[in-house]
Amino acid sequence: MALIKRTSVEEVVAAADMVEIVSGRTPLRRSGAQWTGRCPFHDDQNPSFSVNAVEKLYHCFTCGEGGDLIKFVRETEGLEFASAVEWLADRYGVQLEYEETAPGFEARRSRRDRLYALLEAAAKFYERHLWESQAGEPVRAYLAERGLTEEICRRFRLGLSPGGDRLAAKARAKGYSHEELIAAGLVNRRGNDYFAGRLVFPLADGRGRVLGFGARRLSEDDPIKAKYVNSPEGELFRKSSIVYGLDRARATIAKESRAVVVEGYTDVMALHQRGLDSAVASMGTALTELQLRELRRLTPRIYLCFDADAAGAEATLRGMELAYRQFEEVWVVPLPPGSDPAEAADEFEQRLEGATEYLVHRVKLEIDRAPSPQAAFDAVQALILKAPRGPDQEHAAKYAANRLNIPLRVDATSAPVFGEARRKLVDAGERLERDLLAVCTVHPELAERYLHDLDDRHFDDPLHRRLRAYLAGEAEPDDELIALRAELDATAEREGLNDEAAKQLFLRLEERLVRRELAELGRGEVTSADLARTKELQAVLARIQEALQEVAFT
């Protein structure tokens with residue numbers, strides 16, 4: 001790797017305006033020979049941050065942060081030394097010189113610079129076609145229908161590809177070769193526009209350099225049936241390393257110490273349009289190591305917002321697990337099925353406030369998809385014990401204990417431990433279900449009385465759910481259900497289960513369901529609707545307990 005010459009570094013520092021750079025993070029005012037303001041590195045209520053514009057130094061008298069111009073850029077932009085120097089050089093128009101360390105380095109750098117320039121020119125070409133051509137009129141109307149303003153579309157540099165060879169002809173007129181157009185991913189082998197007739201989204205790195213494009217289909221006549229296509233992988237474009245919108249969100253992410261990761265381009269734009277400037281997209285729900293590394297340079301806290309189906313997909317969970325290993329805080333913001341952040345943009349801040357800790361999200365998912373309470377317990381215990389010690393582990397353990405109705409011991413010196421009777425309690429829950437089904441098997445009139453008022457939420461075991469539906473006359477039997485019915489018939493006869501037992505078992509299942517919902521409502525931020533529902537459920541629970549006492553004394 002080539003080093004930047006010391007003379008070039010000195011030239012960059014000399015050209016840069018320290019006050020202008022710092023003012024991009026925090027407002028400054030002159031105070032004698034210095035400039036002062038609130039420190040951008042901590043929550044500074046009283047201005048304690050001092051900037052020396054001549055020597056290009058900064059220092060905070062409260063938190064102790066300090067250094068020179070390049071360090072400030074490194075800390076606030078999340079860049080390495082060389083990248084910080086290049087960032088400043090781009091901003092102030094300084095041509096950098098490098099120490100030659102490998103044969104052909106200058107040739108490779110020159111080619112890369114030409115590809116960057118070609119992609120930038122292509123982005124401007126697409127932009128002009130969207131905003132200045134008659135062909136762009138229906139596309140502009142489409143964007144307006146999606147609720148995206150012209151201002152936000154221009155900010156994110158949306159464009160429109162005219163198709164054909166118009167882009168290639170203009171590029172060749174400026175001296176670019178057919179091979180360079182292919183290397184930049186702008187044309188196919190025949191020389192025609194790679195994104196013919198599509199809405200184009202420039203895909204940039206954290207410094208704002210265009211690396212490629214994503215393009216959305218606008219017509220059913222499009223020969224490419226995929227809704228979105230990206231530039232082909234090449235010398236500059238690597239989908240796995242790009243975080244969409246990072247160049248627009250970088251400053252806000254560092255300032256707010258949070259990144260909000262959503263799925264799509266328009267999700268990012270809709271959230272930025274409503275003032276949530278820390279939003280970026282992952283180029284798909286499966287986060288990669290490279291994308292997470294880019295974000296981790298800026299913040300230790302990340303919010304992951306995917307639709308309900310994607311939030312449980314294995315690829316998504318692998319990305320979440322990667323994030324959990326790298327970030328101090330990982331929060332999951334699940335959306336209702338069929339909705340996306342763009343539709344919920346106006347209320348999105350509230351969704352962030354109600355986010356779920358990653359480990360709790362995983363525990364909930366494991367319980368929801370487990371085939372039985374015992375399988376849920378085994379999966380959850382392994383997940384919790386594998387997690388690092390700390391509040392996340394404790395919160396997840398408490399959530400699991402509430403959902404599975406098992407005791408929990410938590411202390412400051414060891415990992416959370418589920419009580420010794422954990423298997424018996426899990427088994428007791430299954431026994432509760434089996435006993436009610438057994439008595440209803442022997443006495444069909446009790447099935448009519450009790451099972452119609454219950455549903456799948458009352459039964460954890462999938463086989464028990466199916467038998468309830470069969471006994472309630474809602475489903476047809478099969479060999480497995482007939483065998484279970486025979487077993488339960490014998491069980492009910494042997495254990496003397498009767499009408500009184502059925503009533504108590506029914507009430508216990510109702511009580512279990514109410515307690516679970518109360519536990520769910522009591523976790524996290526509580527809304528006014530949650531409070532009303534809690535009050536309602538507490539009244540229901542009191543009635544159930546009163547009925548249980550009556551059964552006990554009859």
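Let me start with how the pieces get their names: helices (H or I, at least four residues) and strands (E, at least two) are DSSP runs, numbered from the N terminus. Keep in mind that this is a predicted model, where local features need pLDDT of at least 70, side-chain atom pairs count only at pLDDT 80 or more, and totals for chains, interfaces and linings use all residues. Residues are numbered from 1 along each chain as its sequence is written, and side-chain values use heavy atoms, with hydrogens and water left out.

Okay, charges. A salt bridge here is a side-chain nitrogen of Lys or Arg within 4 Å of a carboxyl oxygen of Asp or Glu. How many salt bridges does the structure hold? The count is 39.

Let's begin with one inside a helix. Lys364 makes a salt bridge with Asp368, with 3.0 Å between the closest N and O atoms. Where do these two sit? They are four residues apart in helix H15 (residues 358-369), so about one helical turn separates them.

Buried or exposed? For that we need cut-offs: buried means under 20% relative accessible area, exposed means over 50%, and partly exposed is in between (1.4 Å probe, protein chains only). Lys364 has 30% relative accessibility, so it counts as partly exposed. Asp368 is partly exposed too, with a relative accessible area of 44%.

Salt bridges can also share partners, and that joins Arg25, Glu77, Arg250 and Glu294 into one network. Zoom in on one part of it: Glu77 and Arg25 form a salt bridge, their closest N and O atoms being 2.9 Å apart. This pair links distant parts of the chain, with Glu77 in helix H3 (residues 69-77) and Arg25 in the loop between helix H2 (18-23) and strand S2 (29-31), 52 residues apart. Both Glu77 and Arg25 are buried.

Here's another one: Arg207 and Glu86 meet through their side chains in a salt bridge, 3.0 Å from N to O. Again distant parts of the chain are linked, since Arg207 is in the loop between strand S9 (199-204) and strand S10 (210-216), while Glu86 is in helix H4 (residues 81-92), 121 residues away. Arg207 and Glu86 are buried as well.

Next up, sheets. Strands of a sheet pair through backbone hydrogen bonds, either parallel or antiparallel. In our terms, two strands pair if DSSP finds at least two bridges between them. There is an open sheet of five strands, in the order S2-S3-S4-S5-S6, with antiparallel pairing. Which strands stand at the edges? S2 and strand S6 (66-68) do, each with a single partner strand, so one side of each has no neighbour in the sheet.

Strand S5 (residues 57-60) and S6 run antiparallel and are joined by three bridges. Leu57, for example, has Asp68 in S6 as its bridge partner. And H3, the helix that holds Glu77, packs on this sheet, touching strand S4 (49-52), S5 and S6. Contact means heavy atoms within 4.5 Å. The direction of H3 makes about 115° with that of S6; axes are lines fitted to C-alpha atoms, for helices over the stretch in contact, and angles run from 0 to 180 degrees between N-to-C directions.

Now to S9 and S10. They form a hairpin with five residues between them, and Gly208 in the turn has a positive phi of about 90°.

Last topic: rings. Rings of Phe, Tyr and Trp (its six-membered ring) pair if their centres lie within 6.5 Å; planes under 30 degrees apart count as stacked, over 60 as edge-to-face and the rest as tilted. That rule gives 18 aromatic pairs. Phe41 and Tyr58 are stacked, at 6.0 Å centre to centre and 25° between the planes. Phe41 is partly exposed, with a relative accessible area of 25%, whereas Tyr58 is buried at 3%.

Finally, Phe125, Tyr126, Tyr194, Phe195 and Phe213 form one aromatic cluster. Both Phe195 and Phe213 are buried.
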